[in-house]
Amino acid sequence: MRDAIVFSLVWVLGAWCLGCDGNPSLPPSSQQSRAPVFCDPFAPAAGEPMSIERARDAHRWAELRRHLRMREALDPGHFMRQSAAVADPQRIDAGEVSCKTLRDIGRLLFTHDFTAQDGHTEPLRRVHRGDEGGPETHNCRSCHWRGGEAGAGAVLDNIFLLGDGDRISSADPRNPPPLLGLALVQMLAQEMSASLEADRAQALRRARATGEAVAVDLQTKGVSFGRLVAMPDGTLDTSGVEGVDADLVVKPFGWKGNFSTMRQFVRDSVSVHFRLPTERDGVPLTEGQVTSLLLFLATLPLPQVTIPERIPDLPSIAEPIPRPPSFDFSDDWSRGHALFESAGCAGCHRPTLVLDSPVFVMEAGPSGWPVAIDLSQDIEPPLLSYDAGLGGYPVHLFSDLKRHNMGPEAASQHVHRGVAVDQYLTRRLWGLNGSAPYFHDGRAPFIDHAIAAHTGEGEAARRAFESLDFGQKADLRIFLMSMRRPLVVTIPD
Ligand code: HEC
Ligand code: HEC
């Protein structure tokens with residue numbers, strides 16, 4: 001066992017291997033134009049998802065986390081110091097740290113309990129004080145745990161945003177969403193923003209050339225963001241733009257869609273939930289450690305839409321109770337799939353958006369260069385795969401990545417980072433099976449309650465669902481429940 005632990009520590013904190021193809025010869029001044037450090041393909045995890053190898057791997061991780069807690073008892077602040085040294089941006093740039101090592105550090109940082117030695121010094125506060133935040137807790141997992149690693153949170157894990165630091169009624173509740181497929185979401189949003197930006201540039205050029213106002217319909221990946229008018233003097237009329245800010249940058253993170261990159265969101269999470277300064281304001285969480293957290297989140301297995309398999313005849317739980325009947329859900333699923341379209345759900349919860357490039361480039365922090373990873377190769381199955389018919393990589397996220405007016409009943413009290421009180425981003429439904437409760441404040445314990453909470457632009461879909469008969473509602477639920485994470489072996493500690 002001792003050997004196993006020593007191996008684990010070497011594996012995670014000491015594996016200074018040559019996995020990344022860095023280019024250390026360029027000076028930091030060329031940071032903006034510098035090509036990203038490319039991750040070498042990760043070694044595929046050994047064994048089938050439910051194999052004994054995976055169980056052993058899960059056991060090693062549990063042992064490692066336990067061991068690291070003992071190390072903290074012996075030498076508080078140990079893990080943060082060690083992981084900062086390994087995930088040093090200069091060493092990442094020089095190709096001295098493999099992306100797998102960084103991913104593993106990110107995984108451990110996600111469950112690490114931040115202490116005073118790490119810079120977590122303020123007393124806990126349940127309600128945020130303005131945009132300063134809490135701190136409310138000591139680790140990421142305390143809110144993101146439900147349904148698997150980096151999962152959702154229960155209602156009791158809600159955060160209370162933009163309050164007075166004291167009264168829950170002064171703040172806006174937000175439920176922790178599951179952190180699934182975030183890299184793909186960022187990549188889709190970036191491609192959409194680039195396309196909108198190109199439309200704007202072209203309209204401005206044409207307006208200047210013709211001396212007349214030019215109107216352009218903003219459409220990208222089949223999603224309409226309204227209309228923009230470019231004037232010959234170079235100004236823009238953005239009053240017809242919908243579902244995105246006037247800067248046309250699609251911001252896919254947060255219930256309201258107010259952050260454009262994972263790096264921004266993770267920095268903000270560290271600052272508001274733990275009140276830990278990030279490298280911009282002075283250590284302790286270095287940009288290398290933030291990159292590690294991003295790599296961990298970016299490489300989590302993707303959720304799937306799986307037609308539910310037949311539930312076999314199960315044994316009776318106790319003698320007088322009859323054996324449950326055998327179910328086959330495939331017909332219900334197909335009918336539910338069709339209802340998802342006909343009830344108007346797919347208008348906002350777009351089942352598939354097609355990604356042009358599978359390479360996720362994490363933007364550079366204040367020190368160090370961007371890191372890139374190919375998600376069609378370097379994640380565990382199900383891999384992102386090219387579809388020649390669609391001309392790209394389909395991502396089944398069930399969202400248009402657009403904000404909608406959800407009506408006064410869903411409105412928050414405060415404008416959050418410039419987003420109006422009644423605006424919310426279409427929530428991605430992938431992984432829905434393991435992420436209850438639903439809706440931005442966790443008010444919906446079950447799918448029916450979530451649909452009933454759709455007002456404003458969602459009103460027609462809510463009515464369409466209400467008008468379905470008992471069996472049709474069941475079919476639609478079966479379809480929604482088929483959006484789930486792959487099963488993996490984990491050992492709680
Ligand atoms: C106190 C509870 C809490 C803790 C601790 C917490 N989160 Fe969150 N997280 C939330 C809530 C609530 C949201 C939704 C916030 C919003 O929409 O404004 C969220 C959203 C996110 C998102 C955006 C997801 C999306 O789909 O929009 C990311 C990324 C994230 N958290 C990462 C982290 C990381 C990394 C940590 C640890 C450094 C962390 N969180 C710690 C509660 C928490
Ligand atoms: C007008 C766009 C729109 C339509 C149409 C729509 N939704 Fe939504 N949906 C949203 C938005 C926006 C949210 C997030 C709202 C919030 O939390 O405030 C959401 C949230 C949800 C959630 C909760 C997800 C979670 O993780 O908490 C479910 C479930 C859901 N929708 C299902 C449906 C179904 C089923 C239909 C069709 C009957 C439908 N929606 C139609 C925009 C829409």
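Predicted model: local features only at pLDDT ≥ 70, side-chain atom pairs only at ≥ 80, totals over all residues.
To start with the overall picture, the chain holds 12 helices and 15 strands. It runs to 493 residues, and buried residues make up 41% of them. Contacts reach well along the sequence: of those between residues at least 6 apart, 68% join residues at least 24 apart. Glu 63 and Ile 491 are 428 residues apart along the chain, yet their C-alpha atoms are separated by 9.4 Å. Glu 63 itself is found in helix α2, which covers residues 52-74. This residue counts as partly exposed because 16 other C-beta atoms lie within 10 Å, and a residue is called buried at 20 or more and exposed at 12 or fewer.

The largest nonpolar core takes in 94 residues, and the ones with the most contacts inside it are Leu 182, Leu 184, Leu 188, Leu 294, Leu 297, Ala 298 and Ile 373. Helix α6, residues 182-210, is the biggest giver here, with 11 residues in this core. A separate core of 6 residues lies apart from it, with Phe 160, Leu 161, Leu 162 and Ala 171 among its members. Once its neighbours within four places in sequence are set aside, Ala 298 is in contact with Leu 182, Ala 183, Phe 360 and Ile 373.

Phe 360 leads on to strand β10, residues 359-362. On this strand, Phe 360 and Met 362 make up the covered face, while Val 359 and Val 361 sit on the uncovered one. The partner of β10 is strand β11 (residues 371-374), and the two pair in the antiparallel sense over 4 bridges. Within that pairing, Met 362 has Val 371 of β11 as its bridge partner.

Elsewhere, 3 strands make an open sheet with antiparallel pairing, in the order β5-β6-β7. In general, strands of a sheet pair through backbone hydrogen bonds, either parallel or antiparallel. Here β5 (214-220) and β7 (236-237) are the edge strands, since each pairs on one side only. Strand β6, residues 223-230, is joined to β5 by 6 bridges in the antiparallel sense. The β5 and β6 strands form a hairpin with 2 residues between them, and Lys 221 in the turn has a positive phi of about 50°.

Now for the ligands. Around ligand 1 there are 24 residues, of which Cys 140, Cys 143, Pro 176, Gly 254 and Trp 255 come nearest. Helix α7 (residues 262-274) contributes the largest share of this shell, 6 residues. By class, the shell around ligand 1 splits into 14 nonpolar, 7 polar and 3 charged residues. Ligand 2 is surrounded by 28 residues, and the closest are Cys 345, Cys 348, Tyr 438, His 440 and Ala 461. Two helices, α10 and α11 (459-466), each supply at least two residues of the shell around ligand 2. That shell is made up of 17 nonpolar, 9 polar and 2 charged residues.

Helix α10 turns up again around helix α12. The buried residues of α12 are Asp 475, Leu 476, Ile 478, Phe 479 and Leu 480. Their cover includes α9 (330-342), α10 (447-452) and β15 (483-484). The length of α12 also checks out: at 1.5 Å a residue, its 12 residues (470-481) should span 16 Å, so the 17 Å between its end C-alpha atoms agrees.

Terms used: Residues numbered from 1 in each chain as written. Chains lettered and ligands numbered in written order. Expected span 1.5 Å × (residues − 1). Contact = placed C-beta atoms within 7 Å. Near = placed C-beta within 6 Å. Nonpolar A, V, L, I, M, F, W, Y, C, P; charged D, E, K, R; others polar. Pairing = 2+ DSSP bridges. Core = buried A, V, L, I, M, F, W, Y, C linked by C-beta atoms within 7 Å.
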